[in-house]
Amino acid sequence: MTMVAEIEPFDPSIPELITDPYPIFAQLRENDPFHWSKFGYWVVSRYDHVREVLMNRKDFGTGDFSNNLKLFYGPDFDVLANSSYRWLSEVFIAKDPPQHTRIRGLVTGSLTAKRVRAMEPRIREICKELTDAFIADGHADMMTQFAYKLPVMVICDLMGIDHRDPAMGELTAAIPEAFVVFEARKLTEHELTTANRRIDELEAFFRTQFEDRLAHPRDDLLTSLAQTGSAPDGLTMHEATTVAIALFGAGFETTANIIGNGLYQLHRHHDQWERLVADPAGLSGSTNEEVLRFESSLVAAYRTALNDTEISGHPVQAGQRVLTLVGAANRDGRKFEEPDRFDIGRGAADHMSFGGGIHFCVGAELARIEGRVAFEHLATALPEMKVDLGSGAWRDNFLFRGLTRLEARW
Ligand code: HEM
């Protein structure tokens with residue numbers, strides 16, 4: 001019997017993939033690098049293969065969005081009758097060139113490196129405001145009181161939304177319930193109905209915001225996106241709304257979990273927390289990169305073969321889907337020395353956590369600044385912090401990896 005036969009069919013909903021995906025990732029990567037899942041798609045897990053797929057814009061993309069979903073739901077399922085799937089089908093992450101090129105260009109023209117870098121002093125201020133609010137208590141839930149609040153406040157500031165808006169609680173709660181449509185599986189009826197309702201609410205909110213920006217322009221990201229509409233090939237109101245939901249949600253969902261995952265790993269490997277505390281300014285950038293590599297908040301990305309093609313000689317037919325396990329690629333010993341060692345001095349920024357190729361994360365610069373500043377601030381303001389590693393559970397979500405709670409004392 002070969003090693004391959006010992007691999008269980010890959011199923012993103014099995015509990016072990018939520019609690020600790022890395023043994024399964026290692027098994028796939030070492031023994032079955034081109035795994036055919038029982039759900040009818042390829043699973044690739046080696047660094048070079050993941051990279052090859054994500055970089056190959058000619059042979060891998062989204063293709064037919066509805067067909068991709070019918071793999072999970074069956075041929076009669078009306079994918080686009082669901083507002084959540086219709087929304088995702090229109091986001092540029094799910095578009096191939098030339099539509100992708102046009103929308104991404106308009107977004108990066110608004111979410112400029114200059115606008116993002118100018119946020120750093122404000123990000124430092126927000127970190128301080130947040131810890132000042134609970135430092136005297138001697139304890140906090142670092143997920144709800146810090147990790148989530150920081151990127152929500154930052155993306156609100158960038159967009160020009162008041163984070164104290166009474167609607168904000170519902171809007172932030174709407175994101176994880178809506179983003180479940182990114183998962184590569186059939187959703188339950190309840191999940192899908194909730195995702196549809198949440199997308200309707202988010203669309204209504206951002207439509208009102210854009211109407212306001214068109215009437216009263218300001219110096220913010222939403223005004224900049226709205227104003228592209230005056231150019232011949234600019235964003236329509238509907239496109240701007242679609243993009244805004246993606247930026248708003250991606251702006252905090254992934255970053256909040258990087259801060260949470262980072263605090264968890266820094267305290268699980270306490271010598272690394274002590275290292276950071278000894279030199280917060282010098283080590284916070286490489287700490288953030290190591291957290292991204294070691295415990296990414298986005299574990300996978302998927303593609304569809306646009307033509308009959310291959311991945312390092314392995315044939316893939318046109319229309320077949322490929323799940324690229326970014327979290328497995330980041331622990332590939334062919335690429336990273338001692339990949340299962342969490343080492344904040346490693347200085348490796350060539351992990352795959354921001355993807356690659358034409359869909360490389362547009363928020364990577366922002367996420368990098370937020371993570372670096374957050375880790376620096378926490379190690380400076382709360383050096384005595386003790387994290388209760390058992391206080392929270394991993395969220396019941398395969399693609400977006402993060403904790404429900406994380407209690408800390410000092
Ligand atoms: C640590 C935080 C983050 C992680 C781990 C992350 C990860 C990723 C990954 C892996 C992709 C590529 C997906 C694919 O190829 O299918 C991606 C794309 C994207 N990300 Fe992020 N992201 C983060 C933060 C952000 C932030 C802060 C924003 C917005 C402000 C953002 C917005 C986007 C958008 C809009 C795309 C789609 C780009 C395209 O299709 O061209 N992300 N992200």
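Modeller: A residue counts as buried if 20 or more other C-beta atoms lie within 10 Å of its own, and as exposed if 12 or fewer do. Please keep in mind that this is a predicted model.

Biologist: In the open sheet of 5 strands, which strands stand at the edges?

Modeller: Strands of a sheet pair through backbone hydrogen bonds, either parallel or antiparallel. Here the 5 strands form an open sheet with mixed pairing, in the order S1-S2-S8-S5-S3. Each edge strand has a single partner strand, so one side of it is left without a neighbour in the sheet, and these strands are S1 (34-36) and S3.

Biologist: What is the bridge partner of Phe60 in S5, and what stands opposite Ala301 in S8?

Modeller: S5 pairs in the antiparallel sense with strand S3, residues 60-61, over 2 bridges, and it also runs antiparallel to strand S8, residues 321-324, to which 4 bridges join it. The partner of Phe60 in S5 is Ala305, while the residue of S8 opposite Ala301 is Thr324.

Biologist: At what angle to S8 does helix H3 run?

Modeller: Helix H3, made of residues 47-55, lies across several strands, namely S2 (41-44), S3, S5 and S8. Its angle to S8 is about 125 degrees.

Biologist: Turning to the helices, how are H16 and H18 placed relative to each other?

Modeller: Two packed helices are described by the angle between their axes and the distance between the axes. The axes of H16 (residues 280-294) and H18 (residues 364-381) come within 8 Å and cross at roughly 125 degrees. The crossing is right-handed, and H16 and H18 are therefore oblique to each other.

Biologist: How many nonpolar, polar and charged residues does the contact of H16 with H18 have?

Modeller: On the H16 side, the residues that meet H18 include Pro280, Ala281 and Val291, and on the H18 side Phe375 and Glu376 are among them. By class, the contact of H16 with H18 has 5 nonpolar, 6 polar and 3 charged residues.

Biologist: At what angle do H8 and H18 pack?

Modeller: Helix H8, residues 120-134, has its axis 10 Å from that of H18. The crossing of H8 and H18 is right-handed, and the angle between them is about 40 degrees.

Biologist: Is Glu337 buried or exposed?

Modeller: Glu337 has its place in the loop between helix H17 (326-329) and H18, and from Glu376 it is 39 residues away in sequence and 26 Å away in space, C-alpha to C-alpha. Because it has 9 C-beta neighbours inside 10 Å, Glu337 counts as exposed.

How values were computed
Residues are numbered from 1 along each chain as its sequence is written. This is a predicted model: local features need pLDDT of at least 70, side-chain atom pairs count only at pLDDT 80 or more; totals for chains, interfaces and linings use all residues. Axes are lines fitted to C-alpha atoms, for helices over the stretch in contact, and angles run from 0 to 180 degrees between N-to-C directions. Angles under 35 degrees count as roughly parallel, over 145 as roughly antiparallel, 65 to 115 as roughly perpendicular and the rest as oblique. A crossing is left-handed if the near helix is turned anticlockwise from the far one by less than a right angle, and right-handed if clockwise. Two residues are in contact if their C-beta atoms, placed from the backbone, lie within 7 Å. Ala, Val, Leu, Ile, Met, Phe, Trp, Tyr, Cys and Pro count as nonpolar, Asp, Glu, Lys and Arg as charged, and the others, Gly among them, as polar. Two strands pair if DSSP finds at least two bridges between them.
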